[in-house]
Amino acid sequence: MRPAAALLSTASILLLGVFVSATEPVNAVKVDPAQVSLVGANATWQLLISGTTSDNRTVDLTHAATYRSRDPKLALVTAEGIVSAKGNGQTTIEISAGELKTEVTVTVTLADEHRALNFENDIVPILGKFACNASGCHGKAEGQNGFKLSVFGFDPPADYRALTQEARGRRVFPAAPERSLLLRKASGGAPHGGGIRITPDRPEYETLRRWIAEGLPAGSTSDPTVKKIELTPRERQLGLGQTQQLRVVAEMTDGQRIDVTRLARYQSNHDVLASVTEEGLVTAGQNPGVVAVMASYMGQVDVLHVIVPRPEAVTDYPHVPEHNFIDGHVYRRLKQLNIVPAELCSDADFLRRVHLDLIGTLPTADEARRFLSDTRTNRRELLIDSLLQRPEFAAYWALKWSDLLRVDRLALGHKGAYEQYRWIRSAIAQEMPLDQFARAVVTADGPLSENPQGYMFKAVPQPGPAASAVSQVFLGVRIECAQCHHHPYDRWSQTDYFGMTAYFAQLQRKTTPFGEVLVATGDPVTKHPRTSEVITAHPLGEPMPAENVSGDRRVELAAWMTSPGNPFFAKNMANRVWAHMLGRGLVEPVDDVRATNPPSNPELLAGLAQHLVASKFDLKSLLKTIALSRTYQQSTTTNATNVRDEQNYSRALLKRMDAEVLLDALCQATGIQERYEGAQANTRAIELWDSQVDHYFLKLFGRPVRVTACDCERVSEPSVAQVLHLLNSQRVQEKLSHDGGSVARLVKEQSQDDRLAEELYLTIFSRQPTAEESQTAVNYLQTAGKAGPAARRTAAEDLAWTMLNSLEFVFNH
């Protein structure tokens with residue numbers, strides 16, 4: 001790690017005229033910081049230059065400006081604005097941005113003094129920056145070519161031994177550092193499967209060379225460590241294609257502030273909206289939206305929040321009515337982005353959408369006809385209320401929770417999986433609040449026949465995986481990475497992981513004459529796998545207590561987890577429900593909540609969570625509120641401003657139906673039910689509790705196998721194989737042509753071709769055909785009908801087949 005460079009003051013602004021940047025004119029230039037103090041040999045600091053436009057927006061000029069040091073013997077500056085110490089004294093860096101000029105004073109002290117190196121502070125960050133300890137290189141389980149490092153540098157002592165003692169010490173050669181295998185391979189002086197990683201002209205090469213030359217110092221336990229990092233800037237609005245240079249400063253435990261911009265690692269949570277280079281240069285993409293860019297260094301993270309608006313301002317932004325608080329949060333963000341929301345969807349679209357989202361079931365032709373003829377102003381609200389009371393609601397949402405809670409017959413057995421599913425379905429049917437639901441699962445104990453929610457801990461029997469599953473499902477936080485190393489993109493350490501694990505260490509399953517019993521017993525000790533430190537049970541983000549709570553530790557976890565003030569639970573539940581209804585989570589993926597993956601609309605997520613808490617965690621209340629919002633009821637039809645927006649809820653997104661919902665829709669539209677092995681006749685796909693039922697269609701269309709708690713198990717992306725199956729499936733054709741099916745019945749009942757076309761549209765699309773669609777269908781039926789009744793029926797089957805293979809049927813819109 002390079003010696004300290006301290007910021008003495010914040011910023012200076014110089015108004016000197018007009019500068020036309022690579023993007024647009026500016027009339028002021030700002031340099032951050034206004035003064036720089038470099039302490040120690042080769043200390044550096046990244047300057048950030050910004051300009052202010054005539055409409056008071058900030059644009060980054062760091063890479064557009066030119067720099068000159070008045071005394072290169074004291075300090076040098078690169079074309080990227082990186083100042084480095086060369087000699088003691090004070091000098092000035094001159095900065096030019098077109099006709100605008102400013103300067104920054106640089107003071108250098110102790111330029112001849114090299115601070116003693118520390119392996120963990122100075123060498124491990126280099127190995128991490130250049131991916132030497134990544135899981136695809138020497139950090140993977142078996143290492144690479146006989147050389148293994150701990151992944152992401154989580155075990156510095158082991159890495160030190162690997163570098164200095166293994167392979168008979170030939171990796172480093174203090175007598176001639178440049179001949180060390182470590183430097184020769186990294187710089188291209190010797191064959192290296194990873195290519196040239198660190199060229200000799202880089203400061204990181206010099207740090208490694210000096211460390212070897214000084215005898216491979218490990219450092220002292222009293223040496224300062226990284227307390228936190230500070231990313232500058234923290235927020236920025238960027239135009240399409242605009243850039244922003246970042247600066248990362250590490251604050252040490254002894255108060256030093258060190259520029260680590262070149263050693264930090266960066267990642268965007270949405271590369272399409274904004275990408276970031278290894279040097280910390282952010283570039284906005286060509287789509288409007290909100291994106292977070294993470295910087296990480298030595299287990300510490302910080303985030304830049306970027307808003308990328310459309311470049312064309314909406315001069316006369318229309319007034320958009322708000323149905324409830326949801327719309328206010330959504331439309332404020334859209335206005336920032338210069339995006340106008342879509343119009344309201346039609347009654348027919350709303351009818352189909354809300355049926356599929358709430359009960360996973362298409363409306364029947366009769367239901368569609370009644371709703372579309374309803375003239376009451378509150379007909380949409382009345383429809384929502386009626387759907388929430390239907391038995392299909394419990395069946396559909398039990399299916400979704402069964403995926404998350406691992407209702408897996410292979411792991412639980414037929415009886416156990418069925419009992420767990422029945423408990424979930426009963427809890428939903430009885431409107432059990434989500435906090436009670438979570439507490440019942442997390443604290444389940446006693447005979448599993450009486451407490452079948454506890455079967456989750458049979459599917460996930462080990463304390464570590466159980467803690468990971470509970471965290472991922474109920475908190476939306478993935479902690480599994482922290483089992484072996486500090487989470488690379490979050491704050492969670494191994495201590496956090498094993499603190500959660502300790503809650504489940506008491507859990508045991510015992511076989512009795514009355515069946516399996518789940519008990520929490522004893523006071524088992526959980527130890528840190530690397531340091532052997534005793535870890536007591538404590539929730540994520542909370543301090544570790546001196547000792548474990550007495551009794552069943554899970555009770556404490558459940559109480560913390562479902563508390564109204566919990567920072568994760570309500571937001572996670574709200575985000576999962578929102579993602580289901582809108583097609584995209586405010587946090588995406590929904591089970592990857594972390595500081596470096598913030599919600600696209602934090603105020604909206606907070607509002608939804610507050611609503612859920614205020615309603616006492618009532619799932620139906622949250623669903624109704626979302627369904628009543630204008631945001632949910634928007635059309636999929638785009639306008640000129642929102643055609644490229646898929647993140648900010650300016651329009652409804654096309655959503656692929658779940659495998660079970662789509663199969664049920666096919667069966668309902670054709671009037672022929674599917675038969676499933678081991679299930680009763682007339683069982684619908686959304687009622688299948690057994691995810692292992694052998695069915696090609698369900699497997700092809702992404703049904704999860706329930707071996708993990710990840711929401712990603714359910715595949716929602718369409719594929720060519722799915723399209724070809726619908727086009728060519730013999731089973732679909734058999735349903736269409738079945739004598740007892742919908743098409744045969746409608747052909748028999750409707751002698752008039754226009755009435756037949758109308759019934760087909762109401763049955764399959766839940767809407768009336770347009771005049772053009774009706775005329776096309778009638779012409780086709782009439783032409784075929786000249787050859788007789790059989791030909792007319794075949795023509796009707798052809799029409800239905802075409803409709804079943806359309807995007808309008810296959811997608812929820």
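About 960 Å² of area is buried between domain 4 and domain 6, and carbon and sulfur atoms give 45% of that area. On the domain 4 side, Arg 352, Ala 365 and Arg 369 lose the most area to domain 6; together they make up 50% of what that side buries. The model is predicted.

Contacts run across this interface. They involve 13 residues of domain 4 and 13 residues of domain 6. The centres of the two domains, taken over C-alpha atoms, are separated by 33 Å. One salt bridge is found across the interface of domain 4 and domain 6. Arg 369 forms a salt bridge with Glu 759, and their closest N and O atoms are 2.3 Å apart.

**Domains and record**

The chain is divided into six parts. Domain 1 covers 26–109, domain 2 covers 119–214 and domain 3 covers 227–308. Domain 4 is made of two stretches, 322–381 and 567–653. Domain 5 covers 433–562, and domain 6 covers 730–812.

An unreviewed UniProt entry lists "domain: BIG2" for residues 25–107 and 225–304. The table sets out the two spans.

| Span | Helix | Strand | Distance between end C-alpha atoms |
|---|---|---|---|
| Residues 25–107 | 0% helix | 61% strand | 32 Å |
| Residues 225–304 | 0% helix | 59% strand | 23 Å |

**Nonpolar cores**

The largest nonpolar core holds 152 residues. Trp 401, Phe 474, Ile 626 and Phe 809 have the most contacts inside this core. Helix H9, residues 391–404, gives the most to this core: nine residues. Another core lies apart from it, with 48 residues, including Ile 123, Phe 130, Trp 211 and Val 282.

Take Ile 626 as an example from the largest core.

**A loop proline**

Pro 524 sits in the loop that runs between strand E27 (515–520) and strand E28 (526–527). Its relative accessible area is 26%, so Pro 524 is partly exposed. Setting aside neighbours within four places in sequence, Pro 524 is in contact with Ala 505, Gln 506, Asn 548 and Arg 553. Leu 507 is 17 residues from Pro 524 in sequence, and the two are 9.8 Å apart in space, C-alpha to C-alpha.

Methods:
Residues are numbered from 1 along each chain as its sequence is written. This is a predicted model: local features need pLDDT of at least 70, side-chain atom pairs count only at pLDDT 80 or more; totals for chains, interfaces and linings use all residues. Side-chain values use heavy atoms; hydrogens and water are left out. UniProt positions are given in the numbering used here, feature names are shortened, and annotations may be inferred rather than shown by experiment. Helices (H or I, at least four residues) and strands (E, at least two) are DSSP runs, numbered from the N terminus. A nonpolar core is a set of buried Ala, Val, Leu, Ile, Met, Phe, Trp, Tyr and Cys residues joined through side-chain atoms within 4.5 Å. Buried means under 20% relative accessible area, exposed over 50%, partly exposed in between (1.4 Å probe, protein chains only). Contact means heavy atoms within 4.5 Å. Domain bounds come from an automatic or database domain assignment. Buried area is the accessible area (1.4 Å probe) that two parts lose on being put together, summed over both. A salt bridge is a side-chain nitrogen of Lys or Arg within 4 Å of a carboxyl oxygen of Asp or Glu.
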